[in-house]
Amino acid sequence: MEALVNMVLLTLMAVITVGIIRMRSLFGVAILAGIYSFLMASVMIALDAVDVAMTEASVGAGISTVLFLATLYMTRRNDLPSVRSPVVPLALSLVVGAALIYGTFELPAFGGAATPANTHIAPYYLQNSIPQTTVPNVVTSVLASYRGFDTFGETVVIFTAGLGILLLLRGRPRAGDAGDVVAGVDGDGASVGEANGSSDDVNARKRASS
Amino acid sequence: MKLDLILRITTKLMLPFMLLFALYVQFHGDYGPGGGFQAGVIAAGMMILYALIFGLGAAQRVIPMRWVMAAIPLGVLLYAGVGVLAMLFGGEFLNYSVLAEHPEHGQHTGILLVEAGVLITVASTMLGIFYAFAERGR
């Protein structure tokens, strides 16, 4: 039954991927990408990874779709037909895909009790989570305590991503001392001229739109 | 803007439950699936839905951009602060066992605080990214 559910979900995902490639309406592409994420979340539930499913549903299907639509609001609604031949990218994708599938042949069977994932350190976590941390959900104790340093790194990654996007989208230099602000932002003298150029570009576009 | 009456009323009814679910995922993360990251994106999703239906201005009156900007580093600082606190109590960085009299209680407190840090940074980053995108569209 679970195999059937997975097969249906994965087939739908493949169909949606083809739809995303073929479709010229970018609005439709954004919605299809959201549906793809919901199907992915369902696959994650079938794999008993409810945490990942929650993340996929809210980030992949929710927030990403909203960001795609917000971007579409500022650009054109339709993709231009591609002028280049798709042969080389198609061949590259097929070769890389075949290599990845070949790689999975060496993996141990999914969910097997004797796999390294289930024999290496997982039993230690399962046996010691409650006595050592009083937390019954081993995923939480592994993430926040046993591997707390990794999670700290992940939090810093999110912080850095937010910082980068906010600097790109909101880091407009004030009129007059644009050079100072840009230099303060990236601290790299060589790229100041380039950054200045792009900020002038932004200002010009703002004037044109207002 | 009167045409979207059904959307507005339905959204108003859904918002408190979305926030409650985010808090449930956050504080029940010790017992069930979930944790700071999931709770953060659900809470940010709630605010984004509010902004989509009621407008960016209304959302920014609830949570202004400067609060978001302050909260993004705050979560990381809270996480790192718990680590440094553990060092001050005589343990290693992020060794929560020394935070309380019993090591298990220290672990529990540390996990709670660290997850709160993740929640703050994730929620505010997601909301900040959305604000930044939506402000460009105005």
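I call a residue buried if 20 or more other C-beta atoms lie within 10 Å of its own, exposed if 12 or fewer, and partly exposed in between, with C-beta atoms placed from the backbone. With that in hand I went to helix α8 of chain A, where the buried residues are A:G148, A:T151, A:F152, A:T155, A:I158, A:F159 and A:G162.

**Ground rules**

I note that this is a predicted model, in which local features need pLDDT of at least 70 and side-chain atom pairs count only at pLDDT 80 or more, while totals for chains, interfaces and linings use all residues. Residues are numbered from 1 along each chain as its sequence is written, and chains are lettered from A and ligands numbered from 1 in the order in which they are written.

**Chain A at a glance**

I take helices (H or I, at least four residues) and strands (E, at least two) as DSSP runs, numbered from the N terminus. On that basis I found 10 helices and zero strands in chain A. Of its 210 residues, 17% count as buried. I treat two residues as in contact if their C-beta atoms, placed from the backbone, lie within 7 Å. Among contacts in chain A between residues at least 6 apart in sequence, I see 39% joining residues at least 24 apart.

**Back to α8(A)**

I checked its length. The 23 residues should span 33 Å at 1.5 Å a residue, and the end C-alpha atoms are 32 Å apart, so the two agree; the expected span is 1.5 Å times one less than the number of residues. What covers the buried residues of α8(A)? I found that the cover includes α7 of chain A, together with α4 and α5 of chain B.

**Where the chains meet**

I looked up the interface next: 39 residues of chain A are in contact with 44 residues of chain B. On the chain A side, α3 (50-74), α6 (122-133), α7 (138-146) and α8 (148-170) each supply at least two residues. That side divides into 22 nonpolar, 15 polar and two charged residues. Here Ala, Val, Leu, Ile, Met, Phe, Trp, Tyr, Cys and Pro count as nonpolar, Asp, Glu, Lys and Arg as charged, and the others, Gly among them, as polar.

I then followed two residues. A:D51 is in helix α3 of chain A and counts as buried because it has 20 C-beta neighbours inside 10 Å. Leaving aside neighbours within four places in sequence, A:D51 is in contact with A:V139, B:P33, B:G34, B:G35 and B:Q38.

On the other chain, B:I111 sits in helix α5. B:I111 is buried, with 26 other C-beta atoms within 10 Å. Beyond four places in sequence, its contacts include A:T133, A:V135, A:T140, A:S141, A:A144 and A:S145, along with B:D30 and B:Y96.

**Cores**

I use nonpolar core for a set of buried Ala, Val, Leu, Ile, Met, Phe, Trp, Tyr and Cys residues joined through C-beta atoms within 7 Å. The largest has 47 residues, and B:M47 and B:F130 have the most contacts inside it. Two or more residues each come from α3, α7 and α8 of chain A and from α1 (5-27), α2 (36-54), α4 (65-88) and α5 (103-137) of chain B. Which element gives the most to this core? It is α5(B), with 14 residues. I also noted a second, separate core of five residues, including A:A41, A:M54, A:A57 and A:A61.

**α6(A) against α7(A)**

The axes of these helices come within 10 Å and cross at roughly 75 degrees. That makes α6(A) roughly perpendicular to α7(A). Angles under 35 degrees count as roughly parallel, over 145 as roughly antiparallel, 65 to 115 as roughly perpendicular and the rest as oblique. A:Y125, A:L126, A:S129 and A:T133 of α6(A) meet A:V138, A:S141, A:V142, A:S145 and A:Y146 of α7(A).

**Two positive phi values**

Most residues other than glycine have a negative phi. A:T134, not a glycine, has a positive phi of about 60 degrees, and I place A:T134 in the loop between α6 and α7 of chain A. B:L94 has phi near 70 degrees and lies in the loop between α4 and α5 of chain B. Buried or partly exposed? A:T134 counts as partly exposed, with 16 C-beta neighbours inside 10 Å, whereas B:L94 is buried, with 22 other C-beta atoms within 10 Å.

Conventions: Axes are lines fitted to C-alpha atoms, for helices over the stretch in contact, and angles run from 0 to 180 degrees between N-to-C directions.
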